[in-house]
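Reader: I would like a close look at one part of this model and at what surrounds it. Please keep it plain and connect the points as you go.

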Amino acid sequence: MADRVYERDRLKALVHYVIWKVGAHPDFGATKLNKIAWFSDARSYVLTGKSITGAPYTRQEHGPVPRDVMIVRGELAAEGMISQLLLKQRHYEHWQFKALQHPVSGVFSEGELKEINYWSTFIVHEHTAESVSELSHDFGWEIAAMGERLPFISVLAQRVREPNAKELEWAKSKAKELGLT
């Protein structure tokens, strides 16, 4: 299945939109920005055959990263669309973003915006940077070499595992409810 041709302006618009939408959240930073972009693009590709941006992603230490994300962020900052500040904490560095201008409308379809909005809300409100990194460290990410390009279809790569306690409890409850036990 052929993806859309990569248009860096679409990645730039996605980054700007996400920063505008959730950038003010205190736990939002570069890790969550990259994960929102990855899951929005990859899940859109799996569901529709087209990613939102066509951007190439590579395997990096903390998960998939759009190859041009630093360039795009720099352009947005230089254009006065966002501010970005690298905060140095004791044991780590953290990027802080703020949208200075409203994002351009009409770039994304209603379905694309729905996908971006879902992942923005889910990742910012339900995950820490660490837990969302674990979520993106799926089997497709694991088998790729550091710096290697990750195809969007890799989100479907799975390995069989034992259910965790919560999943096992749910399955037993469901089986009992259905009269299977």
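Author: Start at glycine 80, which comes just after helix H3 and takes a positive phi of about 75°. Helices (H or I, at least four residues) and strands (E, at least two) are DSSP runs, numbered from the N terminus. This is a predicted model, in which local features need pLDDT of at least 70 and side-chain atom pairs count only at pLDDT 80 or more, while totals for chains, interfaces and linings use all residues. Residues are numbered from 1 along each chain as its sequence is written, and side-chain values use heavy atoms, with hydrogens and water left out.

H3 itself buries Val69, Val72, Arg73 and Leu76 (buried is under 20% relative accessible area, exposed over 50%, partly exposed in between, with a 1.4 Å probe and protein chains only). Viewed down the axis of H3, these buried residues fall within an arc of 100°, so they line one face of the helix (the arc is taken from the directions from the helix axis to the C-beta atoms). The face of H3 turned away from that buried side carries Met70 and Ala78, both exposed.

The cover over the buried residues of H3 includes H1, H2, S2, strand S3 (82-88) and strand S4 (93-99). One of these, S2, belongs to an open sheet of three strands in the order S2-S1-S5, with antiparallel pairing (two strands pair if DSSP finds at least two bridges between them). Strand S2 (63-66) and strand S5 (149-150) are at the edges with a single partner strand each, so one side of each has no neighbour in the sheet.

The largest nonpolar core holds 38 residues, and Val15, Val18, Phe28, Ile36 and Trp38 touch the most other members (such a core is a set of buried Ala, Val, Leu, Ile, Met, Phe, Trp, Tyr and Cys residues joined through side-chain atoms within 4.5 Å). Helix H3 (69-78) gives two or more residues to this core, as do helix H1 (8-22), helix H2 (30-48) and helix H4 (110-126). Apart from its neighbours within four places in sequence, isoleucine 36 is in contact with residues including Val18, Val22, Phe28 and Trp119 (contact means heavy atoms within 4.5 Å).
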